[in-house]
Amino acid sequence: MTMFHFFNCAILTFGPHAVYYSATPLSEYDTIGTSVKAALVYLGTALVKLVCLATFLNVSENDTYDPYQELLKAFIGLIDVAGLYFALTQLTHRNISQNHKFQAVGLGWAFADSVLHRLAPLWVGARGLEFTWDFILQGLEANANLVFSLSLAALGSLMWLRKNKPRTLIPIIYLCAGVVATMPSITSYLRRGLGWHLMKVVGFELFTSLVMAFISWQLFVACQRPSV
Amino acid sequence: MATTRKYGREHQVLESVIALVVILVACVELCDAATVVDVYRLIQYDIGGVPFGSRLASLNHHAGSSPFSPGADLSRTVVVVPIRELNITFIREYITQKQPLGGLLFLLPHILNSKNRDYASGGDHREKEIMRSTLLELEQLLIHSNIPYPVYFAFEDDNIDAVLADIKRTDATGQPATATTGGYKFVVLAQEPRKVSSPTITNIQGWLPGLKPDGETNHLPTIAIVATYDTFGAAPALSVGTDSNGSGIVALLEIARLFSLLYSNPKTRGRYNILFGLTSGGPYNYNGTHKWLRSFDQRLRESIDYAICLNSIGSWDNELWIHVSKPPENAYIKHLFEGFLDIAEEMGYKVGLKHKKINISNPRVAWEHEQFSRLRVTAATVSGLSVAPELLESTGGLFDRRNFVNEAAIINGIKLVAESLARHIYGYQGKKIQIFADDSNLAVNPSYVKSWLDLLSQTPRVAPFLAKDDPLIVAFKKELADHTREVNVQHEIPDGLFTFYDSTKSKLNIYQVASVTFDLLLLLVLGSYLILLFSFLVITTRGVDDLIGLFRRPASRKVKAT
């Protein structure tokens, strides 16, 4: 029965990635190579972030919210953006349209994030007899994270790959990218600083991810019109 | 060509990954319980091959609590019973009718926990009496039944109280907890209990020689003071026997200390040897005493003037009993009893004489002095109990904990025995002299009594589970060596009537589990979520026709063929 629970949580956490890949035209154009490369870039970024965190952050004894530490963590989180930039622009992709490029990169990025952050706790925790809601909430968080990664990849491709953008939209693009990039800091502030329950935080993440996805989609469509 | 080779390599990588995953899946499940509780198993033993007690140790069932709906199937449920609300007739019915249960867990009140530092000897006297009689009845029921499922005892604390309240709440809705309705699962990981391979009973004796005047060739007479130190109870890991016979041990050690003070100075050394004996095997018809006496030299045995056995002197109020097996008209017994009577009168207490004849053909030995009497040695037992206990009764059970024992009673008992001994040794019978007066340097030391009593009330002492070099036996040896000249330790194998099984203490893991229906429901929800997601994505990125096309592909091929 407990392997059953592990299986359930695993398909909640990793299923959407597989579904996204097979449902969209990504599978038709065989963009798996791009996703794999993006995943590897994420691994490298995670390593760099780890080293920076270990060097600059001092671990506090209790679980209180320390604004300076959080600011530092947010700065280090910008390395994520740098990694995404690297994956979008510097890697050589096969001849795939920009539309599919950002999706493949975002998918690879989100999948690597889920595996790195959620597979080990799931394996260790969900197989035991004791039941908690934590792993289901973690799976929902992984879903929200997927949407965030896709939005960030879309905004990133708009910022760095698209040359002719309508003037008025540029600040909005940068603003949205900033919001999505600092999302981890915002959620940690909600969890520690305001003391929100995990369920509320996950709900907030899901809602925000849908909102940001909608906005980035609109922006993308808006930027696409002139180049057509 | 290049692509097929690439696919081949990818295929190999995939295969090895799958193999790794399969190996990992076969790993042992990690247990991470929300609550872990110390539990103590009911004793498992055979008398002459007839099994008694709880025959199983490992437990893995759902938990339930009374009241039960009539006719409920409890063969896969662990029934949790707090002793405070014990309905003894219900338990008796279940056990005597041999109804199948998954397991039994008794919750002992918090006050009995020896780790609880405040030994509230006050408190409601009536409540204590009710608790004592309930536990006594339960214990006698359990140790004389053959129970084919695990029975455990645990102390109430906040964790388990919360779990019990939860269980009662869900049970009140009418549905007992099973695999499909969730609830709590109790797991005790224990190996199958094995026979204790070579149990030993250890007798420790201390010899305090008397003053032999020059020119005397006869041996000095000896007086023996003995007490059994081992216990037997429903939960061997909890059988600390503070009254039976922790009080006797403490009294013996204090008397040894007092007489060692007297005997250390040749001017006050008496003309009697004193032999102190801490014997084992008490609950099993005083088997250890029997073997100890048989190991004696004939001369030593004949030189014993009389023996005083100490048993349960920790909870008497104002009457102490002297039990004898020789008739009261016997000169020695009269002399002995009158000595006790005088001192008791001075101290303001009563002593009574009880005579119980020995039946040689009956193997039952009710008092320790009977073992001496069977070898023609005058002996008596000083005890707070007025009636001879039955087999495996009053041997240090569940209720015999620290807060049922009165230190003052033990101190009075010590004074009584020590004074009568001293008056006999130094020839002061009938004279009103107090040798061990309070405020003298020979006064009974209350802190000595208290500290040994506290130690003994935290040490379970069931003989088959005490190894030859158990720290307690070493401590007794050392203490007697401090007070006496010569200490001997004798290891014996008990007569083979009783066999014991191990696994007396375990940890209970309490898991809060979700039912199978919950998991199935979750699978259904997730399946439909993924299918919806798939359809949504196909529709938005490829169009509705593509989605329909996914289902129509075989049909279209048929069309093409024609």
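**Exercise 1. Find which helix of chain B holds both B:Glu419 and B:Arg423, and say whether the two residues are buried or exposed.**

Solution. 
- Step 1: start with the pair. The side chains of B:Glu419 and B:Arg423 meet in a salt bridge, at 3.9 Å from N to O. (A salt bridge is a side-chain nitrogen of Lys or Arg within 4 Å of a carboxyl oxygen of Asp or Glu.)
- Step 2: (Helices, H or I with at least four residues, and strands, E with at least two, are DSSP runs numbered from the N terminus.)
- Step 3: check the surface. B:Glu419 has 3% relative accessibility and counts as buried; B:Arg423, at 4%, is buried too. (Buried means under 20% relative accessible area, exposed over 50%, and partly exposed in between, with a 1.4 Å probe and protein chains only.)
- Step 4: look for a network. Salt bridges that share partners join B:Arg402, B:Glu407, B:Lys450 and B:Asp454 into one network.

A word on the ground rules: this is a predicted model, where local features need pLDDT of at least 70 and side-chain atom pairs count only at pLDDT 80 or more, while totals for chains, interfaces and linings use all residues. Residues are numbered from 1 along each chain as its sequence is written, chains are lettered from A and ligands numbered from 1 in the order in which they are written, and side-chain values use heavy atoms, leaving out hydrogens and water.

**Exercise 2. Work out which parts of chain B are tied together by the pair B:Arg84 and B:Glu156, and which by B:Lys291 and B:Asp495.**

Solution. 
- Step 1: recall the idea. Side chains of opposite charge can pair when their charged atoms come close.
- Step 2: get the total. Over all chains, the whole structure has 21 salt bridges.
- Step 3: take B:Arg84 and B:Glu156, whose side chains form a salt bridge at 3.5 Å, N to O. B:Arg84 sits in the loop between strand E5 (77-82) and H2 of chain B, and B:Glu156 in the loop between strand E8 (151-155) and H4 of chain B, so the pair ties together parts that are 72 residues apart in sequence. B:Arg84 is exposed at 53% relative accessible area, whereas B:Glu156 is buried at 10%.
- Step 4: move on to B:Lys291 and B:Asp495, a salt bridge with its closest N and O atoms 2.9 Å apart. Since B:Lys291 lies in helix H6 (residues 287-294) of chain B and B:Asp495 in the loop between strand E17 (486-492) and strand E18 (498-500) of chain B, parts 204 residues apart in sequence are tied together. B:Lys291 is buried at 17%, and B:Asp495 is partly exposed at 40%.

**Exercise 3. Describe the backbone at B:Lys98, at B:Ser312 and between B:Ser244 and B:Asn245.**

Solution. 
- Step 1: Most residues other than glycine have a negative phi, and most peptide bonds are trans.
- Step 2: go to B:Lys98. Its phi is positive, about 55°, although the residue is not a glycine. B:Lys98 is in the loop between helix H2 (88-96) and strand E6 (103-108) of chain B, and is exposed at 61%.
- Step 3: B:Ser312 is in the loop between strand E13 (304-311) and strand E14 (319-324) of chain B, and is buried at 2%.
- Step 4: look at the bond from B:Ser244 to B:Asn245, which is cis, with omega near 5°. B:Asn245 belongs to helix H5 (residues 242-264) of chain B.

**Exercise 4. Describe how chain A meets chain B.**

Solution. 
- Step 1: count contacts. 29 residues of chain A are in contact with 31 residues of chain B. (Contact means heavy atoms within 4.5 Å.)
- Step 2: get the area. The two chains bury about 2700 Å² between them, 68% of it on carbon and sulfur atoms. (That is the accessible area, with a 1.4 Å probe, that two parts lose on being put together, summed over both.)
- Step 3: see who supplies the chain A side. Helix H1 (2-23), helix H4 (98-125) and helix H5 (134-160) of chain A each supply at least two residues. H1(A) gives the largest share, 14 residues.
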